[in-house]
Amino acid sequence: MERKSILVTLMLLAVVLLAGCSSDDENKSLVVWDISPVVFHVFITDSEGHDLLDSTYHDNIIKEVTATYQDETYPLTTDLEFYDKKYGKASTRAYRPTFYGLLLRPYWSHKTFTNNGFEITFGEFNGTENVDKREITLNMPYNQQLRLAYKNSFRWSNGDPDKKTVFYLNDQELTDEAGRYGYFNFRFSKTRGYEYIASEVK
């Protein structure tokens, strides 16, 4: 019994020594990276601050918005409708990049950890794909269109991911904090149309 316990102790010591001798490169090879997908996030309010994507607001525009991507038109649907159609039931499980078209969903703020109005999203696109320019067109009420695009570069650098994504509105690069992360904030009025508002991420 005593001999068996000594053997077990020696085996455990050997495992600890081997783990301690492993190089940083070997440890890096064990890391599994989860690369975030590329997604367009769109927020629209009127000049008085009403959320035009809120179905409870009487002047909302959610039934009048579509997106055109690669000559195909996508209607606006809710995230629950998408999951019901694709999986047969609603799901909140995390998943790898999945193209779901144009969705209307509550916006979860990563700053306040609360729902903060509603957003339209379009995606998801693979974050490891090198893209020179990928464009979608939002078809809005009053016969107006908004052209959104992104460019993505991705490579591995010394075992670490190196990813850079740039977003555009009507061919103009967005440099404000929200725009650099693909968050497009618009204010709508019947006289001025859809005005882009430079802002921070909510």
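In this predicted model, H58 has a relative accessibility of 66% and counts as exposed, because the cut-off for exposed is over 50%. H58 sits in the loop that runs between β1 (38-46) and β2 (66-69). Its side chain makes a polar contact of 3.4 Å with the side chain of D59.

N152 is a contrasting case. This residue belongs to strand β8, which spans residues 144-157. With a relative accessible area of 3%, N152 is buried, because buried means under 20%. The side chain of N152 has polar partners: it forms a polar contact of 2.5 Å with the side chain of T165, and one of its polar atoms lies 3.0 Å from the backbone oxygen of G127. Leaving aside residues up to four places away in sequence, N152 touches V38, N126, G127, E129, N130, V131, K163, K164 and T165.

From here the nonpolar interior can be followed. In soluble globular proteins, nonpolar side chains tend to be buried together. The largest nonpolar core in this model holds 33 residues, and I44 and L148 have the most contacts inside it. Two or more residues of this core come from each of β1, β2, β5 (101-108), β6 (115-125), β7 (131-140), β8, β9 (160-169) and β11 (183-189).

Beyond residues up to four places away in sequence, L148 touches F40, V42, R134, E135, I136, L138, Y168, L169, F184 and F186.

Conventions
Residues numbered from 1 in each chain as written. Predicted model: local features only at pLDDT ≥ 70, side-chain atom pairs only at ≥ 80, totals over all residues. Heavy atoms only, no water. Helix = DSSP H or I, 4+ residues; strand = E, 2+ residues; numbered from the N terminus. Buried < 20%, exposed > 50% of the residue type's maximum accessible area, 1.4 Å probe, protein only. Polar contact = N/O pair within 3.5 Å; in protein donor to acceptor, adjacent residues only side chain to side chain. Contact = heavy atoms within 4.5 Å. Core = buried A, V, L, I, M, F, W, Y, C linked by side-chain atoms within 4.5 Å.
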